[in-house]
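Here is a brisk report on one protein model.

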Amino acid sequence: AYGDAQLPYKDPGLPVEDRVRDLLGRMTLAEKIGQMTQIERLVASPQVLKDNFIGSLLSGGGSVPRKGATAAEWMSMITDFQKACLSTRLGIPMIYGIDAVHGHNNVYGATIFPHNVALGATRDPELVKRIGAATALEVRATGIQYAFAPCIAVCRDPRWGRCYESYSEDPGIVQAMTELIPGLQGDVPQNFTSGMPYVAGKNKVAACAKHFVGDGGTQNGINENNTIIDRQGLMSIHMPAYLDSLRKGVSTVMISYSSWNGIKMHANHDLITGFLKGRLKFKGFTISDWEGIDRITSPAGANYSYSVQAGILAGIDMIMVPNNYQSFISILTGHVNSGVIPMSRIDDAVTRILRVKFTMGLFENPMPDTTLADQLGKQEHRDLAREAVRKSLVLLQNGKPGDAPLLPLPKKAAKILVAGSHANNLGYQCGGWTIEWQGDTGNITVGTTILDAVKAAVDPSTTVVFVENPDAEFVKNGGFSYAIVAVGEHPYTETKGDSMNLTIPDPGPSTIQTVCGAVRCATVLISGRPVVIQPFLGATDALVAAWLPGTEGQGVTDVLFGDYGFTGKLPRTWFKSVDQLPMNVGDKHYDPLFRLGFGLTTKGKAY
Ligand SMILES: O=[N+]([O-])c1ccc(O[C@@H]2O[C@@H](CO)[C@H](O)[C@H](S[C@@H]3O[C@H](CO)[C@@H](O)[C@H](O)[C@H]3O)[C@@H]2O)cc1
C-alpha cells in the first residue's frame, strides 16, 4: 500500500474536490455506509467504530462522559474515539456533533447564553455572531468539532414546545440571526460560492441549519406534526433563512421531523434533493434528526427497511441513527446490493460528508487541541452572555397607569424583598437543553442567579431579604422599599413543552398577587415564549419579559437598576388569549396584548 505521503487524499496541498474524488474511489461499500452512519456515544466503543467504519458520533441531550465531566475528560473521550477511526484502513477521522444551542449547554461549567427567542429580542445580529464565536471556542474546548445549531425555525405558534429555540415569528429577524453561522464557522472567503460548506479551521466548528423545513409552522404548534401551508407560504415564511444560511457557508442542514401538507420531511425528495440540493445548490451534507427516518412511519420504526429506503432516496446523507446502527447498516447495504438504492446516491452522500471533513481541516487536525481547554466558561464569554441578557430583556410595563415609573430601581434602599420560584434557581433561568436534555431545577452548573445578581448590585447598606413565596402579612409588615418577583415556566424541551393553555405554574401568579398587593414590585417573567399575563398585569407595577437568560443573571440587574437601559423588543406577538392562536403580524385577526416589536425603554447610566 502507499505510504501516507503518496496518498493524494492525504495531501492538504491538493484541492478539496480532488481529495474527495481520490478517497471516494478507494472506499468499499462498507466504508462508504460507515461514513453515513452517526451513532450516539452511549452505544459507541473503539471496537464498534473500527468494525463499522463509523464516520460520526453525537451526544444527545444530556449525554456526557460523566456528570460534571471536565473539558479534559471530554477531550479524552473524543481522543479515544478518534484514534479508533484513524486506525481503520483509510484513516478517515470522525466528526462529533452536539446540541450547543445556547452555549455548550450539555457541559458543566460552560457559559449558558440566552435561548434564541431572547436573542431575537436583541435585534443584534453582530452580537449573535460573537456568541457563535464564543460557543465555537467552548465546543472546541471539549474536542468537539460540530454543533447542531442554529435552529432557524420560524415559530408561528407559541404553544410549540420548541418556540424558545426560534429567534422570531418574523422570517426577516430569523434571517438576520443566521449570523450565528459565521460566528460558529468563520466568515466565508471573498470568492465564495453559496451552498459550499465552510469552516475556518480548528477554533471553529461545523454548523447545522435546522430543521429543514417548516418545523415552526405545525398545526397548533404540535411538535413534529404537520405544517399545512401552500408553497408560497412555505417559501416566504420558513425557507428564507436557509438561503441566508447557504450564502454564509453552513456546512450541514438537519431535516425536520415535521411534515409539509402530510408529506414527512424525512421522505421529501422534492424539497431535499430537488430544492435544497438542486435549486439552491447546497453542497454540504444533510443529516436526519434523531431517529428521524424511523418516524417516517407511524408508529415509528414500523417498517425500518422502508424508512431507510425513503430517507436515503429523499437525499439525506448522514443518518443520526443513533442506536441501532447494525440494523441501519445491514438494511442500507441490502438496498444497495439489490439496486433499490443506486451507488450514485451513496457516492453523493459520501462526497458531501468528505467535502465537509476536508474543508474543515479534520484530516489535518483530527485530535482535540488541549490548549483550548480553558475556553470553557471563560469570563470573557460570560461577560458576552451578560451583555446578551441585558439587551434581550423586554420592558412590557413600568408602573401602573397614572403611577410614576418604577424602573430603574434605586440600589440604595433600607430593605428590599426578592421573591418567586425563579429568583434563586439557576436551572429555571436556563430552561431546557441545559445540562440535562429537559433542563433541570436548582444549582445545575456555574452561574449567577437573579438573587445573587441583586445582592451584588445593590448598595452595601441595602438589606436584601429573599423569601420564595411569602405570605401577605410578612410582606405587609416587612417594611420593604420595593420587591423583585421572579416567576415563570419550568424547564421543558420539545414535546414536553407543548402547551395548549400557556399558563405559568403555581404558585407564580399568587406570589405576584401577594407581594405586589402589598409593596411596589417589579415582576421578572422567566419563560420561553409569551404566556398568560392578564390576571396579574393590574397587580404588578413593572413587568419584564426575561425569556430564558441562562447563567449570567447579572444581565437582569444591569437593566433593573439602570446601569443600562432597556432596549429589547418583542420578537413575537404577545397574545391576549390562547383562543386567538395562531396569531402573527399580518393576520386579519391580529389583536395582541403587546405587538411584535413592542418594548418600553429606560435610560441607563452606561452611555
Ligand atoms: O426513550 N425515551 O424516553 C426517549 C424520549 C425522547 C426521545 O427523543 C429524542 O430525545 C432526545 C434525546 O437526547 C434527542 O435529542 C431527540 S431530539 C433531536 O435531537 C437532536 C440531537 O440531540 C437535536 O439536534 C434535534 O434538534 C432534536 O430534534 C429526540 O427527540 C428519544 C427517546
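## Positive surface patch

Four residues form a positive surface patch: Arg231, Arg279, Lys281 and Lys283. Lys281 sits in the loop that runs between α11 (269-279) and β10 (285-287). Its relative accessibility is 46%, so Lys281 counts as partly exposed.

## Model confidence

The model is predicted. Mean pLDDT for the protein is 97. A score of at least 70 is reached by 99% of the residues. The model has an ipTM of 0.94 and a pTM of 0.98.

## Backbone geometry

Most peptide bonds are trans, and most residues other than glycine have a negative phi. Which peptide bond has an omega near -10 degrees? The bond from Phe212 to Val213 is cis, with that omega. Val213 belongs to the loop between β5 (208-212) and β6 (226-227). The peptide bond from Leu407 to Pro408 is also cis, and its omega is near 0 degrees. Pro408 is placed in the loop between β12 (394-398) and β13 (415-419).

Positive phi values occur at Glu291 and at Glu494. For Glu291, phi is near 55 degrees. This residue lies in the loop between β10 and α12 (304-314). Glu291 has a relative accessible area of 27%, so it is partly exposed. For Glu494, phi is near 55 degrees. Glu494 lies in the loop between β15 (482-488) and α19 (508-516). Is Glu494 buried or exposed? Glu494 counts as buried, because its relative accessibility is 10%. The cut-off for buried is under 20%.

## Salt bridges

How many salt bridges does the model hold? The count comes to 38. One of them joins Glu31 and Arg89, whose closest N and O atoms are 2.8 Å apart. This pair links distant parts of the chain, 58 residues apart. Glu31 is in helix α2 (residues 29-35). Arg89 is in the loop between α4 (71-86) and β3 (95-98).

Lys378 forms a salt bridge with Glu380. The closest N and O atoms of Lys378 and Glu380 are 3.5 Å apart. Lys378 has 29% relative accessibility, so it counts as partly exposed. Glu380 is exposed, because its relative accessible area is 52%. The cut-off for exposed is over 50%.

Asp563 forms a salt bridge with Lys411, with 2.9 Å between the closest N and O atoms. The pair links distant parts of the chain, 152 residues apart. Asp563 lies in the segment after α21 (554-560). Lys411 lies in the loop between β12 and β13. Lys411 counts as partly exposed, because its relative accessibility is 26%.

## A salt-bridge network

Which residues are linked in a network of salt bridges? Asp124, Glu126, Arg130, Glu387 and Lys391 are linked in this way. Arg130 and Lys391 are the positive members. Asp124, Glu126 and Glu387 are the negative members.

## Contacts across the sequence

Gly172 is placed in helix α7 (residues 171-176). Its relative accessible area is 36%, so Gly172 is partly exposed. Gly172 and Pro240 are 68 residues apart along the chain. Their C-alpha atoms are separated by 8.0 Å.

Ala453 is placed in helix α17 (residues 450-457). Ala453 is buried, because its relative accessible area is 1%. How far apart in space are Ala453 and Thr557? They are 6.2 Å apart, C-alpha to C-alpha. In sequence, Ala453 and Thr557 are 104 residues apart.

Technical notes: Residues are numbered from 1 along each chain as its sequence is written. This is a predicted model: local features need pLDDT of at least 70, side-chain atom pairs count only at pLDDT 80 or more; totals for chains, interfaces and linings use all residues. Side-chain values use heavy atoms; hydrogens and water are left out. Patches are made of residues with over 30% relative accessible area and no salt bridge: like charges are joined within 9 Å, nonpolar side chains (Val, Leu, Ile, Met, Phe, Trp, Tyr) within 5 Å. Accessible areas come from the Shrake-Rupley method with a 1.4 Å probe; for residues, only the protein chains shown count as cover. A salt bridge is a side-chain nitrogen of Lys or Arg within 4 Å of a carboxyl oxygen of Asp or Glu. The place of a charge is taken as NZ of Lys, CZ of Arg, CG of Asp or CD of Glu. Helices (H or I, at least four residues) and strands (E, at least two) are DSSP runs, numbered from the N terminus. Buried means under 20% relative accessible area, exposed over 50%, partly exposed in between (1.4 Å probe, protein chains only). pLDDT is the predictor's confidence in each residue, from 0 to 100.
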